[in-house]
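Hello,

Here is the structure I promised to pass on. My notes follow below it.

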Amino acid sequence: MSSELISNNFRMDKLPHIWCPGCGHGIIMRSLAKAIDNLKLDKSKVCVVSGIGCSSRAPGYMDFNTLHTTHGRALAFATGIKLANPDLEVIVITGDGDCSAIGGNHLIHASRRNIGITTILFNNNIYGMTGGQYSPTTPNKSYGTTAPFGNIDKPFDICKLADAAGATYVARGTAYHANQLIKIIEKSIQNNGFSLVDAISVCPTYYGRKNKKGSSVDMLNEIKDMTIDIKTAEKLPLDKYKDKLLIGEFKNTEQPEYTAEYQKIINRFKKER
Amino acid sequence: MSAKELKVKIEWCKGCGICVAFCPKNVLELANEKINIKDKDSCIKCGQCELRCPDYAIYLEVLDDGK
């Protein structure tokens, strides 16, 4: 037996998942399922798409229409699905490497077009599946197997990137703040346009060991200590929170949605014929 | 509110200890690297364990006959 949420939304014969003990991805995947469940979406109208990486194993476990695609290209496949069938609720599950390195171009252009896709980025600051190489969100001075003397790169703030590129809903949640993350994912799905949720995960196996972060519990507690909600931060002077990671909803706006605009062109020619 | 009962699916537990750490009432422990309910009577059914279990191995079951 398992909980109703799990048995109703997951492929039970595929569980338990392959993620390491204490991996934050399981918490985020459950949060996504909970958000879909709370919104009472028709399961046959939900399509979950992923690329490659630890995060991208998720659609294999989720009992919806699912697609596991090539590295970095989840948003490209998802764009095709959404244009072919705009009635589908298309949700992309991607990782920090998948989405912001090899798939970075797809991210900025899906954001720019404001196509009705919800992207949940499982951000563990490392390439876990291939053995702990640093990613575009690995913090400066952190260690990875390809940064044995400390990372000299500066990390992306993916929320700011998506915001600047034109996404209409942008938020950051964490595996520690799972209840808030569920609410954020619900709102991101409800947004009629491109939504980006930066979901902070933990990788105790690679990022944790390389950077002496301790157990998964220690890493989740560190998330609690290093984050501050944007609503709280707004009431404080900058020096009180300048070293903290902001979480919460950063942007929730309305702009014309891409597939709706595309349909208007089709309708125009149908009339002329 | 329907009655709830704390349940464990031991085959799925990977022994990460997240549920043990975030239980506010010290209901849980790890025994032989798997989850064990050591003090069921103290459980307040808050669901913190279920919320953050990455492996869906602990949950609150809603009982049918609950009022």
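Where in chain A does A:Cys203 lie? A:Cys203 sits in the loop between β6 (195-200) and α9 (204-210) of chain A. Helices (H or I, at least four residues) and strands (E, at least two) are DSSP runs, numbered from the N terminus.

Some ground rules before the rest. This is a predicted model: local features need pLDDT of at least 70, side-chain atom pairs count only at pLDDT 80 or more, and totals for chains, interfaces and linings use all residues. Residues are numbered from 1 along each chain as its sequence is written, chains are lettered from A and ligands numbered from 1 in the order in which they are written, and side-chain values use heavy atoms, with hydrogens and water left out.

**The loop cysteine**

A:Cys203 counts as buried, because its relative accessibility is 8%. (Buried means under 20% relative accessible area, exposed over 50%, partly exposed in between, with a 1.4 Å probe and protein chains only.) Contact means heavy atoms within 4.5 Å. Leaving aside neighbours within four places in sequence, A:Cys203 is in contact with A:Asn124, A:Ile126, A:Gly208 and A:Met219. A:Gln190 is another matter: 13 residues from A:Cys203 in sequence, and 29 Å away in space, C-alpha to C-alpha.

**Helix packing**

Next, α6 (residues 104-113) and α7 (residues 158-165) of chain A. Their axes come within 7 Å and cross at roughly 45°. That makes α6(A) oblique to α7(A). The axes are lines fitted to C-alpha atoms, for helices over the stretch in contact, and angles run from 0 to 180 degrees between N-to-C directions. Angles under 35 degrees count as roughly parallel, over 145 as roughly antiparallel, 65 to 115 as roughly perpendicular and the rest as oblique. On the α6(A) side, the contact is made by A:Leu107, A:Ile108, A:Ser111 and A:Arg112. α7(A) supplies A:Ile158, A:Leu161, A:Ala162 and A:Ala165.

Helix α4 (residues 74-84) of chain A has these buried residues: A:Ala74, A:Leu75, A:Ala78, A:Thr79, A:Ile81 and A:Lys82. Seen down the axis of α4(A), they fall within an arc of 165°, so they line one face of the helix. The arc is that of the directions from the helix axis to the C-beta atoms. An α-helix has 3.6 residues a turn, so residues three or four places apart point the same way. The partners that the buried residues of α4(A) pack against include β1 (46-50), β2 (65-68), β3 (89-95) and α12 (258-272) of chain A.

**Salt bridges**

- A:Asp63 and A:Lys43 meet at 3.4 Å, N to O. A:Asp63 lies in the loop between α3 (58-61) and β2, and A:Lys43 in the loop between α2 (25-38) and β1, so the pair ties together parts 20 residues apart in sequence. A:Arg11, A:Lys43 and A:Asp63 are linked in a network of salt bridges.
- A:Arg172 and A:Asp198 meet at 2.9 Å, N to O. A:Arg172 is in strand β5 (residues 169-174) and A:Asp198 in strand β6, 26 residues apart. A:Arg172 is buried, at 4%, and A:Asp198 is buried, at 2%.
- A:Lys213 and A:Glu222 meet at 3.1 Å, N to O. A:Lys213 is partly exposed, at 26%, and A:Glu222 is partly exposed, at 30%.

Best wishes

How values were computed:
Salt bridge = Lys/Arg side-chain N within 4 Å of Asp/Glu carboxyl O.
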